[in-house]
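Q: I have a structure open and want to go through it piece by piece. Can we start with the charged pairs and move on from there?

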Amino acid sequence: MTDPTRPLRLGFPVKVMGVPGLKGNDTRRWQKDPHLKCSLEHVDKILDHLKKVEIDMYRLSSDLAPYATHPDMPQFHKMVEESDAELAAFGKKARELDIRLSFHPSQFVLLNSPDPELTRKSIWDLSSQAEMLDRMGCGPEAVLVTHVGGVYDDREASRARWLEGYAQCPEHVKRRLVLENDDIRFSAADVLWITERCGVPCVFDYQHFWCLNPERLDMRDTLERFLATWPGGVRPKIHFSSPRTELRELKRKITPKQREAALAGKASRSKELTKAPVKATARVKTVLVPPIWTGHSDFTNPFEFATFMRMAEGLEFDVMMEGKAKDVSIIKLRPDLLRFAPDVAARFGIYPDDADELFAEEKALESGVGADEEADVDEGGLAPEPEREREAAE
């Protein structure tokens, strides 16, 4: 159960950007016999990093147990059971460091698929991850976050079908499963419709709420309704990210006609905005296009976050920060909150006495940092269409 006097937490998902070489899981291909035990050795080092930078919430990779639920690779199916001692030791260490853990299964986990076999496989994935949290000895704050899933040309039928998939989940999955509003398919109102019928707790996603709210729900009221779905004594969590505003760079083939025009020294008739003039010898050009608002920025806009937190004054929840600079985005945000919103900083246990240390960490970032180039599971407009991708893979 959550200590109500504990400051709110800030966390990040999976990939560590602040220390090169830290891995979130065993990434070896199946021919090399990857194993959960190896993944746990990797994430054990991440716990040490989290302690060092004082970040106390972390989302584990959904690939932590590689191939554990691959239907055609039975040699990997018992790795969770085989790793019982290692999972227990990892969970004990996380508790000693007071780090809250969670999973966010991939977009291919679909409880609302019209194909019963796909639903069965999705429940298998959820069961495996819930079992890992159980073997770690995690409390009820450690959850599995999922989305409603695909639309399949009928939103209402697909939304209702999620309830059928949920009903098939074993009890140890239901204890940990939470449902998130998404950015292009199922809104906060859809998620509330579902929880009213089955009681599943809900995770509020700030950016998704802005991207998809056709019912024009009020943000504060919706947030309160989401938080109220959590069991008593368990602190809810939410997701926060700022939209990416930069021009996107897309690689496109140069057509023979465009190449001929470049060879002849003629100006292109195309209205495309290219990063550089098209060369007659080039095969590919870089086209600049406007942002997609479902994309996540590298860093959290501190003014946007402070405004949100002040809107949510008096409400208790931890915040999973989904900026693509991951841990680095939090190292940047903390001193920003001290500068611009010390009242908000205090809610996360950040006080003026911490200023020298936090400003020094921020200064160190100027030596160079990275950002995750891959689309996050929560960037709906950038990630593959789940229903199509999984069906194609099967």
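Q: Which residue forms a salt bridge with Arg135?
A: Glu131 does, with the closest N and O atoms 2.8 Å apart. Keep in mind that this is a predicted model.

Q: Where do Arg135 and Glu131 lie?
A: Both are in helix α4, residues 116–136. They are four residues apart, about one turn of the helix.

Q: Take Glu86 next. What does its side chain meet in a salt bridge?
A: The side chain of Lys37, at 3.9 Å from N to O.

Q: How accessible are Glu86 and Lys37?
A: Glu86 has a relative accessible area of 30%, so it is partly exposed. Lys37 is partly exposed too, at 32%.

Q: What about Asp190, which side chain does it meet?
A: Asp190 meets Arg159 in a salt bridge, 2.9 Å from N to O. Here too the pair links distant parts of the chain, 31 residues apart, with Asp190 in helix α7 (residues 188–198) and Arg159 in helix α5 (residues 155–168).

Q: Buried or exposed, those two?
A: Buried. Asp190 has a relative accessible area of 2%, and Arg159 is at 14%. The cut-off for buried is under 20%.

Q: Which residues are linked in a network of salt bridges?
A: Arg6, Arg9, Asp56, Asp98, Arg100, Arg235, Glu316 and Asp318.

Q: Which residues are closest to its centre?
A: Glu54, Asp56, Arg334, Phe348 and Gly349, out of 23 residues that line the pocket. Asp56 also belongs to the salt-bridge network mentioned above.

Q: Which elements give two or more residues to that lining?
A: Helices α1 (36–53), α12 (327–340) and α14 (355–364).

Q: On to strands. What is the order in the open sheet of three strands?
A: The order is β8-β10-β9, with antiparallel pairing. The edges are β8 (248–253) and β9 (273–274), each with a single partner strand, so one side of each has no neighbour in the sheet.

Q: Over how many bridges do β9 and β10 pair?
A: Two, in the antiparallel sense; β10 covers residues 284–289. Thr274 stands opposite Val287 in β10.

Q: Back to a helix. Which residue caps the N-terminal end of α11?
A: Asn301. A side-chain oxygen of Asn301 lies 2.9 Å from the backbone nitrogen of Phe303.

Q: Which residues in α11 are buried?
A: In α11, which runs over residues 302–311, the buried ones are Pro302, Glu304, Phe305, Ala306, Phe308 and Met309.

Q: I want to check backbone angles as well. What is phi of Val14?
A: Near 60°, a positive value in a residue other than glycine. Most residues other than glycine have a negative phi. Val14 is in the loop between β1 (10–13) and α1, and it is partly exposed at 24% relative accessibility.

Q: What about phi of Asp33?
A: That value is positive as well, near 55°. Asp33 is placed in the loop between β1 and α1. At 52% relative accessibility, Asp33 counts as exposed.

Q: Last one, where does Val143 lie?
A: In the loop between α4 and β4 (144–146). Val143 is buried, with a relative accessible area of 2%.

Q: How far apart are Val143 and Pro335?
A: They are 29 Å apart in space, C-alpha to C-alpha, and 192 residues apart in sequence.

Note on methods. Residues are numbered from 1 along each chain as its sequence is written. This is a predicted model: local features need pLDDT of at least 70, side-chain atom pairs count only at pLDDT 80 or more; totals for chains, interfaces and linings use all residues. Side-chain values use heavy atoms; hydrogens and water are left out. Buried means under 20% relative accessible area, exposed over 50%, partly exposed in between (1.4 Å probe, protein chains only). A polar contact is a pair of N or O atoms within 3.5 Å; within protein, one must be able to donate a hydrogen and the other to accept it, and residues adjacent in sequence count only if both atoms are side-chain atoms. On a 1 Å grid over the protein atoms alone, a cavity is a set of points where a 1.4 Å probe fits but cannot get out, and a pocket is an open set with protein on both sides within 12 Å along at least five of seven lines; lining residues have an atom within 4 Å of a point. A salt bridge is a side-chain nitrogen of Lys or Arg within 4 Å of a carboxyl oxygen of Asp or Glu. Two strands pair if DSSP finds at least two bridges between them.
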